[in-house]
Amino acid sequence: MFANRTNWDLTPNRLSEALAAHRTARKPLLDLTVSNPTECGFSYDSKAILEALSNPAALHYEPNPRGLESARGAVAGYYAGRNEAVPVEDIFLTTSTSEGYSYAFRTLCNPGDEVLVPSPSYPLFDFLAEIQDVKLVRYPLLYDHGWQIDFHALEQAITARTRAVIVVHPNNPTGHFTKSSERTKFNAICNVHQMAIVADEVFFDFALDGNRAASFATNSDVLTFTLSGLSKISGLPQMKAAWLTVSGPQNLKSEALGRLEVIADTYLSVNASVQLAMPVFFGQRHCFQEQLLSRVRANLKELDRLLAGQNTCSRLAAEGGWYAVLRVPAVRSDEDLALELLTARSVYVHPGHFYDFPTDGFLVVSLITPETILLMGITAVLNFLC
Ligand SMILES: Cc1ncc(COP(=O)(O)O)c(C=O)c1O
């Protein structure tokens, strides 16, 4: 009755079962995995957001495969604010970055074609690829004096079926921004093997040292699809407002734009009210990012203060994003450790394998966790470990 691509093993893992039981028993929980910014105590301009959603222009249907020009103008304005010129004709609105991935995969890949994906990275990639019949092939990131991309392993992973490489800029959860020298290498490899770049920049604005990296949205050396959205940039995941931009050599870019237009025209997925509200939603980002970065920096400072008092656990260096990776003794599996922390100390952390860390000994915590919870949670983790 069902397609093989949906033959997932949906039995909950031990950690999610234990978490559900913990919650059902209404036990206290120090949740260090929160990722929904609307649940983290940030303040939003509710009036402006709600008013923006009641624009009378939403009573008219103006189908446009790329999305309303006013909304795309707001996206172009966002890049212009970073001195990156992205023409409105090269922008497609999507409901989410996830949808942007599906547009990119659909444009580039036949069933069974391969896409290179960084490891460790964001766990949703497996589903995003499987649903589009795309095969993911990992390329390793190594931690050695900061995060490094193993370009040798990446090149060895390329086959005749490789269509694209995913670059997460900065990566989740490692917080590594792609440096310009690394971008040059990606471009050179993609040129040789006729591959495209799919750049995920959802955390692009969250540089911890305030340094601004260059966006892939203006990468013109190879065909590049750059994905981002307001779920992280303005902390509005519920609004489902995201985009995909296309850049690259003119012939490939025109071909990609034409194909994407058919895909986008088939779905016309972003609703009018949200598109009309996008300029206001973009305006919210300044206040949101200020609050978020101040929380992340305060949490990092506190985390480092607590870590300085012991030598069992350390933090890996991060340049951006919302997460911290903790290195712990690999004396049991990450999952066992996370389970014990939950059952014995009521602290919920993500085991490294959730993000595809290749070995045990890593935990991931969210730095948007409210400060007092992070303090209590990390104290409990260190008491347990030391
Ligand atoms: C690297 C990365 N890409 C994409 C997403 C999802 O973004 P969206 O809500 O726009 O689908 C996330 C969410 O955490 C993410 O971490």
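Predicted model: local features only at pLDDT ≥ 70, side-chain atom pairs only at ≥ 80, totals over all residues.
**The ligand and its surroundings**

The ligand sits in the largest pocket. Two helices, α4 (97-108) and α8 (230-233), each supply at least two residues of the shell around the ligand. That shell is made up of Ser 96, Thr 97, Ser 98, Tyr 122, Val 168, Asn 172, Asp 200, Val 202, Phe 203, Ser 231 and Lys 232.

| Residue | Protein atom | Ligand atom | Distance |
|---|---|---|---|
| Ser 98 | polar backbone atom | oxygen | 3.3 Å |
| Asp 200 | N or O atom in the side chain | nitrogen | 2.6 Å |
| Ser 231 | polar side-chain atom | oxygen | 3.0 Å |

On its own, the ligand has 400 Å² of accessible area, and the protein covers 88% of this.

**Aromatic pairs**

How many aromatic pairs does a search of the whole structure find? The count is 22. One of them brings together Tyr 78 and Trp 243, with 5.8 Å from centre to centre and 65 degrees between the planes. This pair counts as edge-to-face because planes over 60 degrees apart are put in that class. The two partners come from distant parts of the chain, 165 residues apart. Tyr 78 belongs to helix α3 (residues 69-80), whereas Trp 243 is in strand β9 (residues 242-247).

**Backbone details to look at**

Most residues other than glycine have a negative phi, and most peptide bonds are trans. A few places in this chain are worth a look with that in mind.

Where does Pro 170 lie? You will find Pro 170 in the loop between β6 (162-168) and α7 (180-193). The peptide bond that joins His 169 to Pro 170 is cis, with omega at about 0 degrees. Pro 173 also lies in the loop between β6 and α7. A cis peptide bond runs from Asn 172 to Pro 173, and its omega is near 10 degrees. Asn 172 is also one of the residues around the ligand.

Finally, turn to Arg 26, in the loop between α1 (14-24) and β1 (30-31). Arg 26 is a residue other than glycine with a positive phi, near 55 degrees.

Notes: Residues numbered from 1 in each chain as written. Heavy atoms only, no water. Near = heavy atom within 4 Å. Polar contact = N/O pair within 3.5 Å; in protein donor to acceptor, adjacent residues only side chain to side chain. Areas by Shrake-Rupley, 256 points an atom, 1.4 Å probe, with all protein chains shown as cover. 1 Å grid on protein atoms, 1.4 Å probe; cavity = no way out; pocket = protein on both sides within 12 Å on 5 of 7 lines; lining within 4 Å. Sits in = over half its atoms within 2 Å of the grid points. Helix = DSSP H or I, 4+ residues; strand = E, 2+ residues; numbered from the N terminus. Phe/Tyr/Trp six-rings, centres within 6.5 Å; stacked < 30°, edge-to-face > 60°.
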